[in-house]
Protein chains: 4
Amino acid sequence: MNMMNAAVFTGPGRIILDRKPVPLAGPGEAVIKITLTTICGTDVHILKGEYPVKPGLTIGHEPVGTIHELGPGVTGYQIGQRVVVGAITPCGQCHTCLDGRQSQCGGHAIGGWRFGNTIDGCQAEYLKVPFAMANLAPIPDGLTDEQVLMCPDIMSTGFGGAEHGGIRLGDTVAIFAQGPIGLCATAGARLRGASCIIAVDAVPERLKMARQLGADHTIDYRETDPVSEILRLTGGQGVDVAIEALGTQQTFENCLRALKPGGTLSSLGVYSGKLSLPIDAFAAGLADQSLVTTLCPGGKERMRRLMAIVASGRLDLQPMITHRFRLEQIEEAYDLFANQRDGVLKVAITP
Amino acid sequence: MNMMNAAVFTGPGRIILDRKPVPLAGPGEAVIKITLTTICGTDVHILKGEYPVKPGLTIGHEPVGTIHELGPGVTGYQIGQRVVVGAITPCGQCHTCLDGRQSQCGGHAIGGWRFGNTIDGCQAEYLKVPFAMANLAPIPDGLTDEQVLMCPDIMSTGFGGAEHGGIRLGDTVAIFAQGPIGLCATAGARLRGASCIIAVDAVPERLKMARQLGADHTIDYRETDPVSEILRLTGGQGVDVAIEALGTQQTFENCLRALKPGGTLSSLGVYSGKLSLPIDAFAAGLADQSLVTTLCPGGKERMRRLMAIVASGRLDLQPMITHRFRLEQIEEAYDLFANQRDGVLKVAITP
Amino acid sequence: MNMMNAAVFTGPGRIILDRKPVPLAGPGEAVIKITLTTICGTDVHILKGEYPVKPGLTIGHEPVGTIHELGPGVTGYQIGQRVVVGAITPCGQCHTCLDGRQSQCGGHAIGGWRFGNTIDGCQAEYLKVPFAMANLAPIPDGLTDEQVLMCPDIMSTGFGGAEHGGIRLGDTVAIFAQGPIGLCATAGARLRGASCIIAVDAVPERLKMARQLGADHTIDYRETDPVSEILRLTGGQGVDVAIEALGTQQTFENCLRALKPGGTLSSLGVYSGKLSLPIDAFAAGLADQSLVTTLCPGGKERMRRLMAIVASGRLDLQPMITHRFRLEQIEEAYDLFANQRDGVLKVAITP
Amino acid sequence: MNMMNAAVFTGPGRIILDRKPVPLAGPGEAVIKITLTTICGTDVHILKGEYPVKPGLTIGHEPVGTIHELGPGVTGYQIGQRVVVGAITPCGQCHTCLDGRQSQCGGHAIGGWRFGNTIDGCQAEYLKVPFAMANLAPIPDGLTDEQVLMCPDIMSTGFGGAEHGGIRLGDTVAIFAQGPIGLCATAGARLRGASCIIAVDAVPERLKMARQLGADHTIDYRETDPVSEILRLTGGQGVDVAIEALGTQQTFENCLRALKPGGTLSSLGVYSGKLSLPIDAFAAGLADQSLVTTLCPGGKERMRRLMAIVASGRLDLQPMITHRFRLEQIEEAYDLFANQRDGVLKVAITP
């Protein structure tokens, strides 16, 4: 049995480099050789024990690689072909997928998120991909691994926040928090035609990158109350769409307070603890506000679209990769990323 | 100066019959002679001091009447013509109205609700109607005042809950609370093509009327836990759309718990106190759930559509009128209605 | 090799009963034993040579049956289970399906329609079902074969016309032609909440059934010009949505002429020959009109929803079955159906 | 009575500079002093007698100016304030406007287009604006007249084509014809997030500007068959959205032939003569294609949004102004523009 390196969750506080067998492709499955992956904020939640997964699981859900093995019934692909696979792997054939709710594949909450959640993930040398026909997305010629590394999760999620917010041409949009997801939401708001984009964070490098990716205004919330400042910038009107990209009561509530009557709060954060709707900002439920939530859209068509945007030169997310590690250094990478040291935005991990 | 009777809020706990001058129509305005009106749950919130309005205000926002006076610039109507006016009176010409958010007219929360909120309402002999061109809705021949009495608020709001919930053919829908608004949401869900409608309440008469208006299943929450029962009825899947029609933490939370991943919580309630999103039912924000809120859609086109539905015989809401009073008995009517005595659903008030 | 009876197209004008091998289920496939099927107007187009298919093909795309064999990888079903399969069989996993355009599966026009078009169909004793996981839809207990016989095509298509037309509560809708598809569009318009439904045809039995299924008005176009009559019924306004359910220049054009500015023409017909947009009715392209077309939505979730509607008692389409034949009588059945003799609406065919 | 210069249609082939009284503002109306306007392709249709208007009418529907007079009931504006008014002037208060179909104001086709169509237009020194409350849009400080000159029609229409086409992130979009409207559609497609934009025309300057405004590929239809080339560029798939911006059978048909199954043809052209739907490209009506048409969205909120986009620096349409004239030179301007001489795109006319 061939063995490989893998980053394995062994219990709260511990993700370690371990040895595991290289997976084999069953019917409808594929195995890909990972050439590049990264660490997500959600992985840190797992590391800290805030999001429960089974000990022994390989972590990671942002794979870039080449096809190593194709199981029975998987056609139209070649061994060695470069592919991206989304963080969420819909089957495409269950009632929920056919109903258009692919991220909730199988009909239970978060059902489409399998890698590093319910099955082994991609912080490893090899990755088994379920429902390969629906999920293997060939990388267009000319794009490097680093150029498409954000597609599986960060870009899909951030853009999803902009899309589900229903941004229209000429909208004003505020994005609370400019971590990787928030930055992609900022870029997504720009791509959808918002005419005024306001990004909120407290890290100067992140605010600077927000401006590069499309923000017209940035607010450092340590210096200025973001809600007051947004109301000032909008002549007291508030924003059409507020995007929450952190997962805290404070940012959630600020979104609501910055919102125009009839506006939409598009939530991307992973919340823990308690979450409340302040009755005043919620106008007792009478302001025609909407709250939409988005789990990272997946599947090969989504990946194709995102890579097409990268290939078109509309957007370059590579500058978000601030640090690079070998898979052997995964524990070090987690340490840096989880503690947000050294201005880290995203790390690239090469097996 | 001609004087008239009016139901006036004089302070928390007190709505009294008083004398006021008959209003005069300014430019763009009309005055209608009220022939029938009713009391809304929101009026009871006002009475109890839970929703603040200025003492001295005439209450009421569900007017049926005849045109008494047309101000300058109001054309295409005749004195004596029978009309309905929606509870919400959009101007149609401000940025917010032109942007499609008419209920929030003027751009501040709940801005389109004027009658009995920011200007004198219709529990009186006469009512001044602002933006008359956008709001006077002629009653089709052959419909009685009682047949259209639910159009201004109850029917428009309840239907709005079904519409904004995005119900599709074959959806399963649960409606929590079967007061007048909830009953109309039940009827609305039926009209939109839900194939399984589950109504929750504890008052037998309301559950019975829910069945008449379209519910396939009713749940008495005192006898059965509604969330468990809904999950049982849906084979553990939950509902596509859950409509909240009361305004409490309990019903709001039950909606969320009864919801399918990717489903929509359509909220109609007027909340007070605190409102929280339980993180487990909210799946930490990752279940692609949506929360939409609706303030009663108004304007003459909305009223025309609702009256067309009544005229078509699709729906008869007259049985919801359980009690009838003269305007002179308004205090008695409030007493009955506010205390939900004698199986009251809606009262009809005749000046 | 087991043999079976099948209705085979052998050339224009000829569909004959022939013998073919019982199909075998490959990976991802299933074979069902047909217990009931029917003939569609499209089959008549095939018979007449107006829609080209390969000689030797078994015709038919409306299968009701029991599971006979499950290929490798098909799980969650049992042999003998009663199922319906939609006329269109999306794979669920290609770019087009994942993009939400399942009826165009594979990315070429009409790609999702396989049965009796590109692969053997269901006017036979057995049927091989591709992409079985996405397409086998269990029949709810208590429903007979005849009750669900319209689900695979007629009901899905007709309802699709109402759904894609974007019908809103209180809309006025006209449906041109009341054959099986048009009748289902009429029923669909009713289910979506149209308040005024106008059905046009010239066959008294069809107009009568239109009224039973939800039409408020019927127009016999041999007696009355339908466009004038619709304009009269709508006070000169025209309809919000006009549904074309025949596939001729005349009905297409009448839809456009009966349409309100800003309205939607929802087209279901299969057109041949020429089709033109009269510039006057099209207002030179400036009337904000939309034209949408619909190919029968398929897949097991769609079938589940349609059967849920039947099971709820909302709609009974069984009266549309006017004649019953054995598969051995298929040529006789085509003769009756193609020539619309004896008031035929739909025939039921039992192998 | 004060007199002014105006460009008046006196019969097919003749638009002349004439003298007319300065209009007066009635209730709900305003008069603006025109500071800049332009000539539209539609005006050329009028000139040529292809679109009928009453002789004696002042032409022009793209006004930039200052408020000269406010009629009774028009509040919130000041004399001298700089404003733009959309080509289409919805009342905001009729059934059609309240139903969300403002361009068809009044309920008859093209009803919202009044300037230079049913009432005097803006190729004059002064312009009377109906429904002023809904239509006077203040120009943001810092924007010049030339910067906002495209907002009333060209930009609103072109963007409308992109918006109604339902462009999603990552779509491929083709725009047929790169006159002023087509160029704005190209810019609009870019703003909505299309990842591949293909512009078709035969004038090198227009194709060059198309690339500046966002086209990834341009096709000179005299050199290359645009349909074949689009299919080649899209790997045989066709485009998600095809925008027609000319109004001919050829471009309309090419749109259809270049379209992906399930795609949308967004039509902006003003058609005359005959228009047909080729059955093959239309896939007999079975390809789930949509055809949407757009009449220039108007009203002050639309203008506010468009000017916000200009103010944000997202887009600079000023380079489209290739020639400048005084109102006194209007006949010369028409001669140049109607004959598309000297590389003209848009002319600016200063009274």
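Arg305(B) and Asp240(C) are both buried. In this predicted model, the two residues form a salt bridge, with the closest N and O atoms 3.6 Å apart. Arg305(B) sits in helix H10 (residues 300-311) of chain B and Asp240(C) in strand S12 (residues 239-244) of chain C, so this pair joins two chains.

## Salt bridges within a chain

Over all chains, a search of the whole structure turns up 89 salt bridges. Take Glu62(A) and Lys346(A), whose side chains meet in one of them at 3.0 Å, N to O. Glu62(A) comes from the loop between helix H1 (41-47) and strand S4 (64-70) of chain A, while Lys346(A) belongs to strand S15 (residues 346-350), so the pair ties together parts that are 284 residues apart in sequence. Both Glu62(A) and Lys346(A) are buried.

Chain C has a pair of this kind too: Asp145(C) bridges to Arg82(C), and here the closest N and O atoms are 2.7 Å apart. Asp145(C) is in helix H4 (residues 145-148) of chain C and Arg82(C) in strand S6 (residues 82-84), which puts the partners 63 residues apart in distant parts of the chain. Asp145(C) has 17% relative accessibility and therefore counts as buried, since the cut-off for buried is under 20%. Arg82(C) has a relative accessible area of 29%, so this residue is partly exposed.

Some salt bridges link up into a network. One such network takes in Asp99(A) and Arg101(A), then Arg168(B), Asp171(B), Asp240(B) and Lys260(B), and finally Glu301(C), Arg304(C) and Arg305(C).

## Where chain D meets chain A

Now for the contact between chains D and A. Chain D puts in 25 residues and chain A puts in 25 residues. About 1900 Å² is buried between the two chains, and carbon and sulfur atoms give 40% of that area. On the chain D side, the residues that lose the most area to chain A are Leu169(D), Arg305(D) and Arg314(D), which together make up 39% of what that side buries.

Six salt bridges are counted between chain D and chain A. Arg314(A) pairs with Asp216(D) in a salt bridge whose closest N and O atoms are 2.8 Å apart. The interface of chains D and A also has 15 residue pairs in polar contact. On the side of chain D that touches chain A, the elements giving two or more residues are helix H5 (151-164), helix H6 (180-191), strand S9 (196-201) and helix H10 (300-311). H10(D) gives the most, with four residues. By type, that side of chain D divides into nine nonpolar, five polar and 11 charged residues.

## Two loop residues with positive phi

A couple of backbone angles are worth a look. Ala283(A) isn't a glycine, yet its phi is positive, near 50°. You'll find Ala283(A) in the loop between strand S12 (259-267) and strand S13 (290-293) of chain A. Its relative accessibility is 11%, so Ala283(A) counts as buried.

In chain B, Ile110(B) is not a glycine either, and has a positive phi of about 65°. Ile110(B) falls in the loop between helix H2 (95-98) and strand S7 (126-129) of chain B. With a relative accessible area of 11%, Ile110(B) is buried.

## Confidence

For the complex, the predictor gives an ipTM of 0.97 and a pTM of 0.98. Chain A has an average pLDDT of 97, with 100% of the residues scoring at least 70.

How values were computed
Residues numbered from 1 in each chain as written. Chains lettered and ligands numbered in written order. Predicted model: local features only at pLDDT ≥ 70, side-chain atom pairs only at ≥ 80, totals over all residues. Heavy atoms only, no water. Salt bridge = Lys/Arg side-chain N within 4 Å of Asp/Glu carboxyl O. Buried < 20%, exposed > 50% of the residue type's maximum accessible area, 1.4 Å probe, protein only. pLDDT = per-residue confidence, 0-100. Contact = heavy atoms within 4.5 Å. Buried area = accessible area lost by both parts, 1.4 Å probe. Polar contact = N/O pair within 3.5 Å; in protein donor to acceptor, adjacent residues only side chain to side chain. Nonpolar A, V, L, I, M, F, W, Y, C, P; charged D, E, K, R; others polar.
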